[in-house]
Amino acid sequence: MVDVFVSQLRAKLGDASPIRTVRGVGYSATAAGPGT
């Protein structure tokens, strides 16, 4: 269920998606700073 949600969220955010998969841990999101 989480995999589907993250997949849909990535599709909506496009190429600039801050969500990264950390293998063996889960997911990580990076904060978008100014100028990004």
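How far apart do the end C-alpha atoms of residues 1-31 lie? The end C-alpha atoms of this span lie 24 Å apart, and the span is 39% helix and 26% strand. The structure is a predicted model, in which local features need pLDDT of at least 70 and side-chain atom pairs count only at pLDDT 80 or more, while totals for chains, interfaces and linings use all residues. Residues are numbered from 1 along each chain as its sequence is written, and side-chain values use heavy atoms, with hydrogens and water left out.

**Overall architecture**

- The chain contains 1 helix and 2 strands, where helices (H or I, at least four residues) and strands (E, at least two) are DSSP runs numbered from the N terminus.
- Read from the N terminus, the order of the elements is α-β-β.
- Of the 36 residues of the chain, 8% count as buried (under 20% relative accessible area, with exposed over 50% and partly exposed in between; 1.4 Å probe, protein chains only).
- The chain exposes about 3,300 Å², of which carbon and sulfur atoms supply 60%; accessible areas come from the Shrake-Rupley method with a 1.4 Å probe, and for residues only the protein chains shown count as cover.

- Helix H1 spans residues 2-13, has 12 residues and reaches 16 Å from its first C-alpha to its last, close to the expected 16 Å (1.5 Å times one less than the number of residues).
- Asp-3 is located in helix H1 and is exposed, with a relative accessible area of 54%.
- The side chains of Asp-3 and Tyr-27 make a polar contact at 2.5 Å (a pair of N or O atoms within 3.5 Å; within protein, one must be able to donate a hydrogen and the other to accept it, and residues adjacent in sequence count only if both atoms are side-chain atoms).
- Asp-3 and Tyr-27 are 24 residues apart in sequence and 9.9 Å apart in space, C-alpha to C-alpha.

**The strand hairpin**

- Strands E1 (residues 19-22) and E2 (residues 26-29) run antiparallel and are joined by 4 bridges; two strands pair if DSSP finds at least two bridges between them.
- Val-22 has Gly-26 in E2 as its bridge partner.
- E1 and E2 form a hairpin with 3 residues between them, and Gly-24 in the turn has a positive phi of about 85°.

**Record annotations**

- An unreviewed UniProt entry annotates residues 1-31 as "DNA-binding region"; UniProt positions are given in the numbering used here, feature names are shortened, and annotations may be inferred rather than shown by experiment.
- UniProt also lists residues 1-31 for "domain: OmpR/PhoB-type" (unreviewed entry).
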